[in-house]
Amino acid sequence: MPRTFVRCRRLFTGLEDGSRADQTLVIEDGLFTHVGPTAEAPAPGPDDDVLGAGDRFVMPGLVDAHTHIVFGNARSEEDIDFWGTPEFRALRGLFFAQRVLAAGYTSIVVPGDAGNCSISVRDAINAGLFTGPRIAASSCVIANRHSLNDWFPEHVGTPDYVTGRLCTTHDAQIEEVRRQAKAGVDVIKIAMDGTHFREDGTHIAAFTQDEIGAMVAEAHRLGKKVVTHAYGKEAVLYAARAGVDVINHAFFADDECIEAMLKSGSHVSPTLTFLRNNVEFGQPHEPTAGSGYQGAQRRVIEVARRTLGRMRQAGVPFMTGSDSGFAVTPYGEWHAREIEILVDWLGFTPAQALRAATSVSARAMPRGHTLGAIDPGRRADFIFVDGDPLADVAVLQRPGAVTAVHIGGVAVAVEARRYDPYKVTHLSSLKWTDVYTRDRAAELGLWHSAAQ
């Protein structure tokens, strides 16, 4: 079988603190079979391909541990759940998955979905019908009263076609875990809290310790990973004690939570990109500002930076996720900003942040030990970067910085094609984001009364 040789002047393996100089990668049947100094590499045969990276930085394909490929750059929860059929959402998700791949992300975890949409996208890619990243697929988020994904009013509930699956009894919760396992998910997401607070402002967990423990035990028995949405201490603590694989956010965790995470081996995926983008990009006239949502997230960031900094110092393993799929985190645009946040806000070195975005985040994928690093026996997913992320991780966000993407040793030609949002993402009946009273029109300088 022909082999592929890749000559690298600068190589980051995803497992070390620095880069290596003058390396050669040998790829056979989609796997790295040799990674080492060029002088020690085997000689290519007449049928082998030899690829030179030139001055470009070679590193593993990136992994986003939190991307909702079927949300459609949503501006509201209604956009996510009401304005597209499951069939359209799956096809649209395939399109957007290719934009994610073009950004250098060769693997993505979809933590919560509608029906079997991401399963269908994953299967179509795995069958070779379309080009796309490797996908850890999910189904509906298991929700309880007051948790995330039970966000519509009581008179609406959680219809079958939305992203949440309301499970209010022990039997219903276990049955949903089993249903999703049969459907073929890779990960199961549980919404451990939402916007239900005590009088002192602390979050109330949506599930008890016994409930989350039983769901995680059953999911693990069936060979599935578990991720949770958990902001508050109670939710994080219950999730960690239950042995959840990935705890998303964990902003209000305390030392007891950190100790439990270290004991169970739970990872944290902060997903601060969503909050940062909303705080920095949301305009004063938008509902995010007027409703107080933006201000609340600004306060959450202040707490989260301290909390997550203590987690890092204690040795909790970090994954990187962007929460792409919303209007403030459109696909293919901001995935690598989470890497920069780890460096700028939480004290990671560039190498530590890049490892979090490659070999560590790969642990959330099926057979994650075979992904996320350039090492013999691992799958040959790697990218070429014009620039040095070890000197400045922000280079990964620069348009055009990722110049080549390889999956299984094969170069994939992916183009971040443009699209009309009014045909692809803005499907709701929303026409305005403000109320144009005379006072508001005057404030914006759009109208002047005779008295003025």
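Analyst: Rings of Phe, Tyr and Trp, the last by its six-membered ring, pair if their centres lie within 6.5 Å. Please bear in mind that this is a predicted model.

User: How many aromatic pairs does that rule give?

Analyst: The count comes to 13 aromatic pairs.

User: Which residues do ring pairs link into a cluster?

Analyst: The cluster consists of Phe95, Phe96, Tyr331 and Tyr419, linked by ring pairs.

User: What is the geometry of the pair formed by tryptophan 151 and phenylalanine 152?

Analyst: Tryptophan 151 and phenylalanine 152 are edge-to-face, at 6.3 Å centre to centre and with 85° between the planes. Tryptophan 151 is partly exposed because its relative accessible area is 26%, whereas phenylalanine 152 is buried at 9%.

User: And how are the rings of phenylalanine 274 and phenylalanine 326 arranged?

Analyst: Their centres are 5.0 Å apart and their planes are at 65°, so this pair is edge-to-face, the cut-off for that class being over 60 degrees. The pair links distant parts of the chain, 52 residues apart: phenylalanine 274 is in helix H8 (residues 272–281), and phenylalanine 326 is in the loop between helix H10 (293–314) and helix H11 (337–346).

User: Are those two buried or exposed?

Analyst: Phenylalanine 274 has a relative accessibility of 11% and counts as buried. Phenylalanine 326 is buried as well, with a relative accessible area of 15%.

User: Turning to the nonpolar core, which residues touch the most other members?

Analyst: Met311 and Ile339 do, within the largest nonpolar core, which has 98 residues. Helix H6 (residues 233–242) supplies the largest share of this core, with seven residues. There is also a second, separate core of 14 residues, among them Cys8, Leu11, Leu25 and Ala53.

User: What is methionine 311 in contact with, beyond its sequence neighbours?

Analyst: Leaving aside residues within four places in sequence, methionine 311 contacts Ala250, Ala253, Ile258, Met261, Val268, Val316 and Phe318.

User: Now helix H3. Why is it described as largely enclosed?

Analyst: Helix H3 (residues 117–126) is largely enclosed by the rest of the structure because seven of its 10 residues are buried. These are Cys117, Ser118, Ile119, Val121, Arg122, Ala124 and Ile125.

User: What do the buried residues of H3 pack against?

Analyst: They pack against H2, strand S8 (134–136) and helix H4 (170–183). Just after H3, glycine 128 adopts a positive phi of about 80°.

User: What surrounds arginine 92, then?

Analyst: Apart from neighbours within four places in sequence, arginine 92 is in contact with Val70, Phe71, Gly72, Val424, Thr425 and Leu427. A polar atom of the arginine 92 side chain lies 2.9 Å from the backbone oxygen of valine 424.

User: Where does the side chain of glutamate 211 reach?

Analyst: The side chain of glutamate 211 reaches the backbone nitrogen of threonine 208 at 2.8 Å. Beyond residues within four places in sequence, glutamate 211 contacts Asn144, Gln173 and Ala206.

Notes. Residues numbered from 1 in each chain as written. Predicted model: local features only at pLDDT ≥ 70, side-chain atom pairs only at ≥ 80, totals over all residues. Heavy atoms only, no water. Core = buried A, V, L, I, M, F, W, Y, C linked by side-chain atoms within 4.5 Å. Buried < 20%, exposed > 50% of the residue type's maximum accessible area, 1.4 Å probe, protein only. Helix = DSSP H or I, 4+ residues; strand = E, 2+ residues; numbered from the N terminus. Contact = heavy atoms within 4.5 Å. Polar contact = N/O pair within 3.5 Å; in protein donor to acceptor, adjacent residues only side chain to side chain. Phe/Tyr/Trp six-rings, centres within 6.5 Å; stacked < 30°, edge-to-face > 60°.
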